[in-house]
Amino acid sequence: MTQKLLREDFQVIGIDNMNSYYDILLKENRLKSLKENENFKFYKINLEDKDSLKKIFQVYKFDIVLNLAAQAGVRYSAKNPSAYYDSNIVGFLNVIGLSKDFSSKFIYASSSSVYGAEINIPYRESIKKVSPLSLYGITKKVNEDIADFFHSEFKFKSYGLRFFSVYGPFGRPDMAYYKFSESIRRGHPITVYNRGLMSRDMTFIDDICDGILNAIGLDINAHEIFNLGNSHPIKLNYLINFLENFFNKKATINFEESQEEVMHTFADISKSKKILGFSPKVSFEDGMEIFLKWFCNYYSFNE
Ligand SMILES: NC(=O)c1ccc[n+]([C@@H]2O[C@H](COP(=O)([O-])OP(=O)(O)OC[C@H]3O[C@@H](n4cnc5c(N)ncnc54)[C@H](O)[C@@H]3O)[C@@H](O)[C@H]2O)c1
């Protein structure tokens, strides 16, 4: 996203605590090329550290605050709940509070995980009562409730973007598409939940970045939620077949059952289309080709 903002001539101040939830080298390599741009500055700060955060907000007086930092991952949230509380609740409260005091627009990443147990697909933002199935999903729902409160109490406008399984170059190594690529390439077994019958509305990173950029350009005095998904769910078994064909290797699969994982995600994007002008362009097949090209290139240089 930062690359895109810099290409669009924004000045960007990046904040991240560079935690070790996954390979820090990947995070550092992402930063390396950004740091070459004179319109980018980086601060290694914890969102929970309000005093340090406040100093940055006082110096820069941001036009727009975009909060993508969070403890991500559905399954890890049952193993390490406090990481989610610290980053996604305390950290989020600090960022939205400082944004209200020092800025005029706040955009943040929510997640398809808030829909949780919802069985009516495609998921619409207008669904009144959602029941997330994971602690991660709960923290994202709490973020939305906090943003609602900030609008009703302080008239502070913000837009929450519910991302659906974002994938692409420099993506997150804990996600299924990335882990499966790594394991199938190396001939290692993969763990597949719920017999591979689940589907995910996989959305290519460039489409998500376009959606975020459109949200930056939006000016509605409200707290609004938007789905950013591809609206074309992909079955897990189809993803596995695709990778088997690409690497020309048969996957060794261990099946497991999981309650935390929702069976299907599928975004209704009619609201995002209408209000944000959001229109995803990259098919799963094209997006995965781009990811896999990057993946093979990146690891042959760094192994
Ligand atoms: N990737 C997806 O499919 C997806 C789907 C739905 C929602 N999201 C949300 O989108 C956002 C970006 O996700 P991502 O996949 O790029 O994840 P990511 O883990 O790559 O990026 C999040 C960054 O936040 C940083 N961070 C975490 N806690 C922090 C803290 N307390 N202080 C400062 N920095 C902290 C991490 O170091 C990391 O670099 C997250 O909010 C995530 O919950 C992602």
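Which strands does helix α6 lie across? In this predicted model, helix α6, made of residues 135–154, lies across β4, β5 and β10. Its direction is at about 155 degrees to that of β4.

Those strands belong to an open sheet of 4 strands, lined up in the order β3-β4-β5-β10 with parallel pairing. As a bit of background, strands of a sheet pair through backbone hydrogen bonds, and the pairing can be parallel or antiparallel. Here β3 (64–67) and β10 (223–228) sit at the edges; each has just a single partner strand, so one side of each is left without a neighbour in the sheet. Going from one strand to the next, the twist averages 20 degrees. Within the sheet, β4 and strand β5 (residues 158–163) run parallel and are joined by 6 bridges. Ser 110, for its part, stands opposite Arg 162 in β5. Helix α5 packs on the sheet too, touching β3 and β4, and its direction makes about 170 degrees with that of β3.

Now for the ligand. There are 21 residues around it, and Ala 69, Ala 70, Ser 87, Ala 109 and Phe 163 come nearest. By type, the shell splits into 9 nonpolar, 8 polar and 4 charged residues.

Gly 14 has Phe 42 of β2 as its bridge partner. To get from β1 to β2, the chain passes through helix α2 (residues 24–35), making a right-handed β-α-β crossover.

Methods. Residues numbered from 1 in each chain as written. Predicted model: local features only at pLDDT ≥ 70, side-chain atom pairs only at ≥ 80, totals over all residues. Pairing = 2+ DSSP bridges. Helix = DSSP H or I, 4+ residues; strand = E, 2+ residues; numbered from the N terminus. Right-handed = clockwise from strand over helix to strand, strands pointing away. Near = placed C-beta within 6 Å. Nonpolar A, V, L, I, M, F, W, Y, C, P; charged D, E, K, R; others polar. Axes fitted to C-alpha atoms, helices over the stretch in contact; angles between N-to-C directions. Contact = placed C-beta atoms within 7 Å.
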